[in-house]
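Please look over the model shown here.

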Amino acid sequence: MSIYSIRQVIELTGVSEFTLRGWESRYGALQPVRSQTGRRQYSSEDVLKIKLLIDLLAAGYRIGKIAGLDVFALEQLVPQSLSRPKAANVDSSIDMKGVSKIITYASKFDWDEIERIISKAWQRSTPSAFIQNFLLPLISEINHRVDCKQFSIAQEHIMSALIKKFLCIVISQGKKSTKNGPRIVLAAPEGDFHEIGLLIASALLSLRGLRHLYLGPNVPAFDLCEASLKYRASHILISSTISSAHRATDDFFEFVHFVDRHLEPRVELLLAGPNAIAHSIRLKRKHKLIASFAEFGVCF
Ligand code: B12
């Protein structure tokens with residue numbers, strides 16, 4: 001990953017040093033690491049974030065509202081008319097070449113080569129660009145192959161395992177959690193073993209240093225409530241991929257209503273994943289249906 005000095009950042013983005021320092025100290029927009037001699041060092045993700053902040057301020061957003069968002073969330077806010085030709089000098093375009101190479105090697109069962117390609121994509125992009133521009137398009141291609149029965153069960157399982165492995169690497173690179181702010185519990189209902197969506201959510205939260213508890217897939221409603229209560233959760237993210245017709249133990253409605261009945265009123269429910277968004281659910285407590293990771297990015 002590239003490292004930029006404050007001078008280079010000013011040159012690349014046009015932001016003044018005074019403004020940049022203000023964004024850092026007053027709003028915590030960036031946390032550059034320090035070199036051994038105490039100089040600020042910015043990543044390519046920081047440079048991209050500064051460019052996005054400049055665009056969004058020009059579009060009327062207030063710095064206090066957007067400073068804490070990550071690159072992924074900021075990109076979703078940029079109006080089409082303003083979006084730059086994908087921020088020059090920063091690795092941010094969708095890597096379809098890498099994705100199609102992977103699909104070709106998966107057809108040949110060449111898993112070493114696939115791991116090499118994913119590692120390369122990981123090394124040359126920022127963590128959120130890696131998710132947005134590489135992993136999500138890759139997942140979408142795999143889904144397509146599975147739906148068309150062009151991938152066997154073994155191919156699907158190996159690809160899922162590799163994606164999970166790299167998501168765990170992204171998570172391990174996340175920021176230290178902030179002390180204040182939301183406390184989010186992540187789970188999929190009992191009988192639902194699909195966890196990639198949840199892991200992506202966990203990675204996005206980790207990259208922003210947002211505190212969360214990952215319970216993973218296949219969690220009984222009672223246990224989710226107990227863990228959330230003890231964790232003093234402010235939000236619970238339930239990701240549901242399959243319905244009871246496809247082997248989920250509980251009906252999604254029953255699961256959500258059980259959780260709703262047993263939680264303190266202040267806890268907000270976030271419902272995501274293909275099965276969740278296929279339902280329209282009415283609850284008295286605060287809740288949101290989240291159709292995409294872009295929407296998820298602006299929840300906090
Ligand atoms: C990987 C996979 C598995 C893996 C899961 C591995 C793991 N550890 O997660 C395993 C092998 C366990 C599996 C098992 C089964 N699976 Co499966 N699986 C898939 C596959 C290939 C990918 C699903 C996935 O994780 N995608 C990752 C997410 C992130 O991408 P996405 O689904 O495109 O979702 C988009 C949005 O919905 C949204 N989103 C999704 N989740 C979330 C979460 C959050 C928080 C947010 C914000 C957004 C979000 O963002 C995504 C990108 O835009 C799909 C194929 C497909 N076409 O979807 C089938 C699929 C989901 N599986 C299916 C089925 C039927 C099964 C089995 C019943 C198969 C069987 N015969 O045993 C079992 C059920 C097991 C169980 N009880 O859960 C069906 C579901 C059909 C249905 N209508 O419910 C699918 C659609 C395949 C198919 N076409 O038949 N599966």
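Predicted model: local features only at pLDDT ≥ 70, side-chain atom pairs only at ≥ 80, totals over all residues.

Residues are numbered from 1 along each chain as its sequence is written, and side-chain values use heavy atoms, with hydrogens and water left out.

**Helix H12**

Helices (H or I, at least four residues) and strands (E, at least two) are DSSP runs, numbered from the N terminus. H12 spans residues 252-262. Its buried residues are Phe252, Phe255, Val256, Val259 and Asp260. Viewed down the axis of H12, these fall within an arc of 130 degrees, so they line one face of the helix. The arc is taken over the directions from the helix axis to the C-beta atoms. An α-helix has 3.6 residues a turn, so residues three or four places apart point the same way. Glu254 and Arg261 are exposed, on the face of H12 turned away from the buried side. Buried means under 20% relative accessible area, exposed over 50%, with a 1.4 Å probe and protein chains only.

The buried residues of H12 pack against strands E4 (184-189), E5 (212-219), E6 (235-239) and E7 (268-272), and against helices H11 (221-231) and H13 (274-277). Contact means heavy atoms within 4.5 Å.

**The largest pocket**

The largest pocket has a volume of about 1200 Å³, the space filled by probe spheres set on its grid points. A pocket is an open set of points on a 1 Å grid where a 1.4 Å probe fits, with protein on both sides within 12 Å along at least five of seven lines; lining residues have an atom within 4 Å of a point. The lining has 36 residues, and Ile139, Asn143, His194, Ile196 and Thr241 lie nearest the centre. H8 gives the most, with 7 residues. By class, the lining has 20 nonpolar, 11 polar and 5 charged residues.

| Residue | Relative accessible area |
|---|---|
| Asn275 | 8% |
| Ser202 | 3% |

Asn275 sits in H13. Its side chain makes a polar contact (N or O atoms within 3.5 Å, one able to donate a hydrogen and the other to accept it) with the side chain of Ser240, at 2.9 Å. Asn275 also touches residues including Thr241 and Phe252.

Ser202 is in H10. Beyond four places in sequence, Ser202 contacts Ile171, Leu186, His212 and Tyr214.

Note on methods. Nonpolar A, V, L, I, M, F, W, Y, C, P; charged D, E, K, R; others polar.
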